[in-house]
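Hi everyone, thanks for coming. Please have a look at the chain on the screen, and then I'll walk you through it.

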Amino acid sequence: MNIKRFSFLLGIVLLSRTFLAAQFPTTNMEQLRNELNVVHRDLSEALDSGDVTRIRSFYSPNFYIRLPKNKTLNLDDIVTLLRLAETPTITDRKNSSVIQELKFAGADVLVTVEHNRDATYKLQDGSAQRVVEVVRQQERWTKQPDGWKLLTIEDIEQKQRDVTVNDRKTEGVMPNYAVPLTPNVDDQTILNGGYGIIFIYRMNDGAIIRPPIYCNDQKVAQMTGGTFLKLKLPPGKYTLKSEKGDPTELQVEAAQISLLVLTIDAGFPRGRGKLRVDRSIIAAQAYKLPKLLDLNPLGNDNIDDPTKVVK
């Protein structure tokens with residue numbers, strides 16, 4: 001390496017050290033840990049209170065979460081998920097955090113944190129569902145004039161998840177959502193026009209079959225895995241079905257949204273589609289944030305009656 005290049009790199013290093021010294025007047029890692037412990041404590045208290053405005057104050061405006069398969073969630077997406085989680089009645093909740101590791105990353109600090117969440121929900125039938133989970137993740141924090149702000153979250157690892165209903169362990173994933181569901185902006189015009197919307201989704205189950213969707217015995221579509229479909233219908237009573245299971249009777253109301261899931265019922269020589277109403281938060285998430293579940297709009301080549309379909 002020649003002397004000019006070495007001198008240039010040395011200048012960059014010294015400049016970086018000067019900048020870091022301005023950002024962090026002390027290099028005492030214990031002091032940084034104490035500061036960020038206080039920040040995480042305050043954020044946990046905000047989560048306990050359910051105060052979305054206060055929760056947002058901890059995040060940078062350009063905050064995002066990096067998920068597997070290069071998917072990301074921005075701050076608005078996170079607020080949407082928080083509100084979905086709040087729709088059942090929460091009778092008790094407790095959030096806490098433990099910082100496991102921290103290190104400098106330029107002008108920011110990378111923090112490995114273990115978050116503990118304990119929430120009890122009152123379900124529609126009066127049962128009490130408790131969800132206890134432990135999640136470890138890496139967070140990037142930056143110090144701004146108005147305090148520490150969270151920039152990114154990545155490398156998320158779920159360490160524990162226990163769900164009980166009335167103190168008995170269950171395989172249930174999430175509590176029911178409370179209807180009516182807040183519509184997406186793009187659907188609001190349709191709902192304002194006097195229609196109701198039926199949202200149907202099918203997870204990416206690996207099966208190549210395309211079960212049909214019937215509305216009042218008329219075929220409207222056939223669904224592939226990893227897709228969703230939105231039907232716009234005038235108010236009235238409708239019967240929806242696929243191939244197996246009892247037909248689903250729905251009373252469609254103007255400006256309301258109904259959520260249904262299509263699953264594959266195994267059988268010989270092939271599986272068959274089964275359609276049912278889905279009141280889980282997973283269904284609400286499929287409607288509000290389909291990208292999070294790898295769901296895409298059903299293609300036009302699988303739609304038989306486009307007059308009933310929201311595009």
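Let me begin with a term: helices (H or I, at least four residues) and strands (E, at least two) are DSSP runs, and they are numbered from the N terminus. Counted that way, the protein has 6 helices and 16 strands. What you see is a predicted model, where local features need pLDDT of at least 70 and side-chain atom pairs count only at pLDDT 80 or more, while totals for chains, interfaces and linings use all residues. Residues are numbered from 1 along each chain as its sequence is written, and side-chain values use heavy atoms, with hydrogens and water left out.

Now the overall picture. Buried means under 20% relative accessible area, exposed means over 50%, and partly exposed is in between, using a 1.4 Å probe and protein chains only. Of the 311 residues, 40% count as buried. A contact means heavy atoms within 4.5 Å. Among contacts with a separation of 6 or more, 62% are between residues 24 or more positions apart.

Next, a sheet. Two strands pair if DSSP finds at least two bridges between them. There is an open sheet of 5 strands in the order 15-14-8-11-16, with mixed pairing. Its edge strands are strand 15 (272-277) and strand 16 (296-297), and each of these pairs on one side only. Strand 8 (residues 196-202) and strand 14 (residues 257-265) run parallel and are joined by 5 bridges. Within that pair, Tyr201 has Val261 of strand 14 as its bridge partner.

Two helices pack on this sheet. For the angles, axes are lines fitted to C-alpha atoms, for helices over the stretch in contact, and angles run from 0 to 180 degrees between N-to-C directions. Helix 5 (residues 185-192) touches strand 8, strand 11 (227-233) and strand 14, and its direction makes about 140° with that of strand 8. Helix 6 (residues 281-288) also touches strand 8, strand 11 and strand 14, with an angle of about 105° to strand 8.

Let's move to the hairpin. The hairpin they form has 6 residues between the strands, and Gly245 in the turn has a positive phi of about 80°. Gly236 stands opposite Val252 in strand 13, and Lys237 has Gln251 as its bridge partner.

Strand 12 has a covered face of Gly236, Tyr238 and Leu240, and an uncovered one of Lys237, Thr239 and Lys241. Strand 12 also pairs with strand 9 (residues 212-215), in the antiparallel sense over 2 bridges. There, Cys215 has Leu240 as its bridge partner.

Last stop: helix 2, where Asp48 has its place. Asp48 is buried, because its relative accessible area is 19%. Leaving aside neighbours within four places in sequence, Asp48 is in contact with Arg93, Lys94 and Asn95.

That's the tour, so please send me your questions!
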